[in-house]
Amino acid sequence: MNSCLNIGHNWSFRLIKTPRACVSQESSRVALRKRQEEHSNVFKNDSPNAENPPLVSALKASAAQNAARFHFPGHNRGNAAPSSFTDLIGERPFLHDLPELPELDNLFSPEGPILEAQKRAAELFGASETWFLVGGSTCGVQTAIMATCLPGDTLVLPRNCHISAISGMVLSGAVPKYIVPEYHSDWDIAGGITPSQVEAAIKEVVQKEGRNPAAVLVVSPSYHGICSDIAKISQLCRNNKIPLIVDEAHGAHLGFHRHLPTSALSQGADLVVQSTHKVLCSLTQSSMLHLSGNLIDREKICRCLQTLQSSSPSYLLLASLDAARAQISENPENIFDEAIRLAVGAKNGIKKIPGISVLDVLDFSNFLGIDPLRVTVGVQGIGLSGFEADEILCKDFGVVPELVGTHSITLAFNLGTKREHVSRLVLGLKYLSETYYCNVERAIDVEKVAVFDNDVKMVLSPRDAFFASKRKVGIEESVGEICGELICTYPPGIPVLFPGEFITEAAVEYLLYVKRKGATVTGAADRLLSSVLVCGK
């Protein structure tokens, strides 16, 4: 029987079957399979260069139906969309902002276009299975930790991990074994962690607890593009049967060009989180989680994702992941040619500017390399902070960097980077050099503001600190107290104060310094940072 009933006037009604318990608009599995079979030509295409992305195609076909819609969302395909928003983005996004209709599949029990889209993504990225994420890589990191760590288990991870790793430990009850990353004081930048550091951390956990850590988490590449030796770390973890999680949020593009570093999956990582929206071209907040091998229980990953992800996922976000994957699939070996050419050209030009420097692999010689599409420009040689340089570049030249640090700005080159924008960047940096290079005595002594040190002691686990009783104290009086909140500069979203740690004088000085220089500090209950929450009554 046809699932739609034509009654003239180009109208049609979809016959709704008995709904499943979790999705009110969804028909039975039998009806869904029938619809999928009818559209099998959409989901299967053997041509590598002329494919129809399955979820994009399904969303397009569903939106084209002239149906009388009595389901969510309330704007009803844009018929009631707020005019202030349609003036900004038009009406078409609302036409395709659809819920979990039968033909669009179910993110938590995929059988049709979502399943096919995820399979194609797994094939492209080299995973055994891939999940689409609508909660960003934050959701992916949290899932990875929850899927590998039980309450009380130890997780080995770098001290400069993303805030999502801390919330993942709060959710899972895992206890951190932090590794202090290599730190370059001239740049005020932390790199990655080395295989020898991971090996030492594992041995320390075994000696202390009599068992291996539940998992090892590595951030690679870092926000600045610094890549750790994942191959050696994965071999070390494999020898000890420890799952390796890689936060590759900044590296979804790795491996898709001969001049790019290799991906974490190709180096043996077990679970990899990628922000597809960062350098690839999906919509902001959309990411992917990739599984390789059988060391981690896939069913547990699914349960964690269903716990953490929205039960009403945006199909615009999901379809954008499918489209971004298809875009790369069309030309995976050469698609980044122009972006890399522009980045290399920009670096060569910037290096010639007096007083301006460019972060190079030689600055972090213990690591394999730096992503060529991430360009970090040092301005300490002209006596400016990164915040001051950013303000001038933005105001006078319309140049907006991805990340601003105490002594540098970091630029993200991507498939949409234009040559004219690179020219504007170089012009702006030349202006800074010509204007401020003579005043180099203003250069900051970064040794006094470095935040990463070995004088960090954890007293409570992140989970215990999160739920502990708290009181407010002045930030100047907080040194020596147990931190009760997660405070970080954003971007990059790397915590300076962790819940459960003793607050150090170095951390307080660093936060006050970057706050004065214009950095955004998040996580503190007191947004002015005049006080902090500490554990204890």
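Residues are numbered from 1 along each chain as its sequence is written. Because the model is predicted, local features need a pLDDT of at least 70 and side-chain atom pairs count only at pLDDT 80 or more, while totals for chains, interfaces and linings use all residues, and side-chain values use heavy atoms, with hydrogens and water left out.

The secondary structure of the protein chain comes to 17 helices and 22 strands, where helices (H or I, at least four residues) and strands (E, at least two) are DSSP runs numbered from the N terminus. Of the 537 residues of the chain, 53% count as buried; buried means under 20% relative accessible area, exposed means over 50%, and partly exposed lies in between, with a 1.4 Å probe and protein chains only. The accessible surface comes to about 23,900 Å², and 52% of that surface belongs to carbon and sulfur atoms, the areas being computed by the Shrake-Rupley method with a 1.4 Å probe. Among contacts between residues at least 6 apart in sequence, 71% join residues at least 24 apart, a contact being heavy atoms within 4.5 Å.

From helix 14, Ala389, Ile392, Leu393 and Phe397 meet Arg424, Leu427, Gly428, Leu429, Tyr431, Leu432 and Tyr436 of helix 15. The residues of this contact divide into nine nonpolar, one polar and one charged, with Ala, Val, Leu, Ile, Met, Phe, Trp, Tyr, Cys and Pro counted as nonpolar, Asp, Glu, Lys and Arg as charged, and the others, Gly among them, as polar.

Helix 13 (residues 337–351) also packs with helix 15, at an angle of about 15° and with the axes 10 Å apart, and the two helices are therefore roughly parallel to each other. Glu338, Leu342, Ala346 and Ile350 of helix 13 make this contact with Arg419, Val422, Leu425, Val426 and Leu429 of helix 15. The residues involved divide into seven nonpolar, no polar and two charged. An α-helix has 3.6 residues a turn, so residues three or four places apart point the same way. His421, which lies in helix 15, is partly exposed, with a relative accessible area of 40%. His421 and Gly398 are 23 residues apart in sequence and 9.1 Å apart in space, C-alpha to C-alpha.

Elsewhere in the chain, helix 3 (residues 54–63) and helix 6 (residues 113–125) pack at an angle of about 155°, with their axes 7 Å apart, and are therefore roughly antiparallel to each other. Pro54, Leu55 and Ala58 in helix 3 meet Pro113, Ile114, Glu116, Ala117 and Arg120 in helix 6. Arg325, in helix 12 (residues 315–330), counts as buried at 3% relative accessibility. Its contacts beyond four places in sequence include Pro54, Arg120, Ala121, Leu124 and Phe125.

Helix 8 (residues 163–172) has seven of its ten residues buried, so it is largely enclosed by the rest of the structure. The cover of these buried residues includes helix 7 (136–148), strand 4 (154–158), strand 5 (175–179), helix 16 (462–467) and strand 20 (494–497). Just after helix 8, Gly173 takes a positive phi of about 85°.

In the loop between helix 3 and helix 4 (83–89) lies Pro73, and the peptide bond from Phe72 to Pro73 is cis, with omega near 0°. Asn76, also placed in the loop between helix 3 and helix 4, has a positive phi of about 50° although it is not a glycine, and at 25% relative accessibility Asn76 counts as partly exposed. Asp105, in the loop between helix 5 (92–95) and helix 6, has a phi near 80°, a positive value in a residue other than glycine, and counts as buried at 1% relative accessibility.

Terms used: Axes fitted to C-alpha atoms, helices over the stretch in contact; angles between N-to-C directions. Parallel < 35°, antiparallel > 145°, perpendicular 65-115°, else oblique.
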